[in-house]
Amino acid sequence: MAQPDDMFGDDDYPAYTMGRAAEITGASPDFLRRIGEAKLITPLRSAGGHRRYSRYQLRLAVRAKEMVEQGTALEAACRIIILEDQLEEALRQNEMRERRQESGSA
């Protein structure tokens, strides 16, 4: 099991409360709730029911906030970010597959 210090270095570890997440991103707690409702992020819930956010989720929130500030509708911004994220993951998987094939034929 990872030690607590290691967890905070993990981009997916839900280390931040809603208040701290809002402070870090410059977004309001309501904005964070709304991007959750739009399925851009799904914060973990603590035992007490409080939302907890990871650094990865905060990066997505900042990207959504920037897009909304530039005039993109919230739902559209969330969908664009989700699609960009899916594309990036697919490209990463293709690259890994190509590397395995190259090393297998060498």
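A salt bridge is taken here as a side-chain nitrogen of Lys or Arg within 4 Å of a carboxyl oxygen of Asp or Glu. The structure is a predicted model, in which local features need pLDDT of at least 70 and side-chain atom pairs count only at pLDDT 80 or more, whereas totals for chains, interfaces and linings use all residues. Residues are numbered from 1 along each chain as its sequence is written, and side-chain values use heavy atoms, with hydrogens and water left out.

Eight salt bridges are present in the structure. One of them joins the side chains of Lys-65 and Glu-69, with an N to O distance of 2.8 Å. Both residues belong to helix H4 and are four residues apart, which means a separation of about one helical turn. Helices are DSSP runs of H or I with at least four residues, strands are runs of E with at least two, and both are numbered from the N terminus. Glu-69 is exposed, its relative accessible area being 56%. For accessibility, buried means under 20% relative accessible area, exposed over 50%, and partly exposed in between (1.4 Å probe, protein chains only).

Helix H5 (residues 74-105) contains Arg-92 and Glu-89, which lie three residues apart and are therefore separated by about one helical turn. Their side chains form a salt bridge at 2.6 Å, N to O. Arg-92 is partly exposed at 41% relative accessibility, and Glu-89 is partly exposed at 32%. A salt bridge of 2.4 Å, N to O, also links the side chains of Glu-95 and Arg-99. These two residues are four apart in helix H5, so about one helical turn lies between Glu-95 and Arg-99. Glu-95 is partly exposed, with 41% relative accessibility, while Arg-99 is exposed at 52%.

Salt bridges also connect Asp-11, Arg-55 and Arg-59 in a network. In general, side chains of opposite charge can pair when their charged atoms come close.

Gln-57 is located in helix H4, which spans residues 55-69. Gln-57 counts as buried because its relative accessibility is 11%. A polar atom of the Gln-57 side chain lies 2.9 Å from the backbone nitrogen of Ser-54. A polar contact is a pair of N or O atoms within 3.5 Å; within protein, one must be able to donate a hydrogen and the other to accept it, and residues adjacent in sequence count only if both atoms are side-chain atoms. With neighbours within four places in sequence left aside, Gln-57 is in contact (heavy atoms within 4.5 Å) with Ile-41, Thr-42, Pro-43 and Arg-52.
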